[in-house]
Structures are given as C-alpha cells and as structure tokens.
Amino acid sequence: MREYKLTMQEEKVLSKVICNCCGREIPCETADYFHGEKTWGYFSDKDGRKDSLDLCEMCYDKLTETFKIKLK
C-alpha cells in the first residue's frame, strides 16, 4: 500500500510504503520491494476494478515459494 503527500506545488510524492501482506512499513529509500498493479477485464468478476499491492521482500519470497511453477 502506498501513501502519498502533496508538495507545495500540488505534486504527489511517495511518503510511505506498507507491505499489504504483513503490514510492516517498507523503508523505500533503502529497501527493495515488489509493486504490482492490475486492471481487471470484462470477463472477470472484478470488471473494471483496479488493484495494486506492495510486498516486502520477505513476504514476496514466502508467496513465490508456494507456486507450483517456480519463477525463473
């Protein structure tokens, strides 16, 4: 989950990244993380919905370890 703040010039600046899985804040200046976005299409139960998520590296590793087809 990303949080933004507005500058004096009304520009959005990333202020905080929180892992959607474990809820910990990710220090985005010093740590890498996974960010994904998906806009669902017409033939899904989520028609038109836009989802985004952020995962810390530890939660990303836990998730991808459960995949039946491993990442290359």
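The model is predicted, so local features need pLDDT of at least 70 and side-chain atom pairs count only at pLDDT 80 or more, while totals for chains, interfaces and linings use all residues. Residues are numbered from 1 along each chain as its sequence is written, and side-chain values use heavy atoms, with hydrogens and water left out.

The largest nonpolar core takes in seven residues: V17, C19, I26, Y33, L55, C56 and C59. Such a core is a set of buried Ala, Val, Leu, Ile, Met, Phe, Trp, Tyr and Cys residues joined through side-chain atoms within 4.5 Å; buried means under 20% relative accessible area, exposed over 50%, and partly exposed in between (1.4 Å probe, protein chains only). Leaving aside neighbours within four places in sequence, Y33 is in contact with R2, L14, V17, I26, C28, D54, L55 and C56, contact being heavy atoms within 4.5 Å.

C28 sits in the loop between strand 3 (25-26) and strand 4 (33-39); strands (E, at least two residues) and helices (H or I, at least four) are DSSP runs, numbered from the N terminus. With a relative accessible area of 26%, C28 is partly exposed. Beyond four places in sequence, C28 touches L14, V17 and Y33. K16 is 12 residues from C28 in sequence, yet their C-alpha atoms are 7.4 Å apart.

Over in helix 1 (residues 57-65) is T64, which counts as buried because its relative accessibility is 12%.
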